Amino acid sequence: MSNAKLLDLCDTNNKLLRELAQKAPGTFQHALQVSNLATEAAKRIGAKVLLVRTGALYHDIGKMSNPECFIENQSDGYNPLMGMDNLSAAKVVLQHVLEGERIARKHRLPEVIIQFIRTHHGTSQTRYFFNTAINQAKQAGLDLSTINVDDYSYPGPKPTSKEGA
């Protein structure tokens, strides 16, 4: 991908990033901070800086679909996830990756940027909801094998490039 295309995508006045800023302002600020930090890390490890900056700006665009469910967009202290069972809440959080990919494809973002979206959590778990489910099952004397870690895990894959990592 050309540097010119990456520069166009990095423009925070482009349509998709403006939409992110409007619908999920906390997520937009988070993306800017991650982009700045990732840029510095990329410089230090010899990664493609402009690619990293761009991928970081878009990594959480899927949060636009349910911005109120992510803490950086909550201003009144109310978290709708706390009113859900653990599995339902985890599914909402996990969904932001797939939703991000859908939005990216709709806006015809390059595949290399879509990979940042798909891999930014790798195959990690929504630890809070998974651990809470385990603890609640223990307290209720339930069989822990009924709690499937895959139900609380991001779809991945893990990053395969130093830029994605």
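Hi everyone, let's begin in the largest nonpolar core, where, of 20 residues, Leu16, Leu20, Tyr58, Ile61, Leu109 and Ile113 touch the most other members. A nonpolar core here is a set of buried Ala, Val, Leu, Ile, Met, Phe, Trp, Tyr and Cys residues joined through side-chain atoms within 4.5 Å. Buried means under 20% relative accessible area, exposed over 50%, and partly exposed in between, with a 1.4 Å probe and protein chains only.

At least two residues of this core come from each of α1 (3-10), α2 (15-23), α4, α5 and α6 (111-119). Helices are DSSP runs of H or I, at least four residues, numbered from the N terminus. α6 gives the largest share, 4 residues.

A second, separate core has 17 residues, including Ala89, Leu94, Phe129 and Ile134.

Some background: this is a predicted model, where local features need pLDDT of at least 70, side-chain atom pairs count only at pLDDT 80 or more, and totals for chains, interfaces and linings use all residues. Residues are numbered from 1 along each chain as its sequence is written, and side-chain values use heavy atoms, leaving out hydrogens and water.

Phenylalanine 129 counts as buried because its relative accessibility is 7%.

Now, is lysine 63 buried or exposed? Lysine 63 is buried, because its relative accessibility is 8%. You'll find lysine 63 in the loop between α4 (49-58) and α5 (86-106). Leaving aside residues up to four places away in sequence, lysine 63 touches Thr27, Phe70, Glu72 and His96, where contact means heavy atoms within 4.5 Å.
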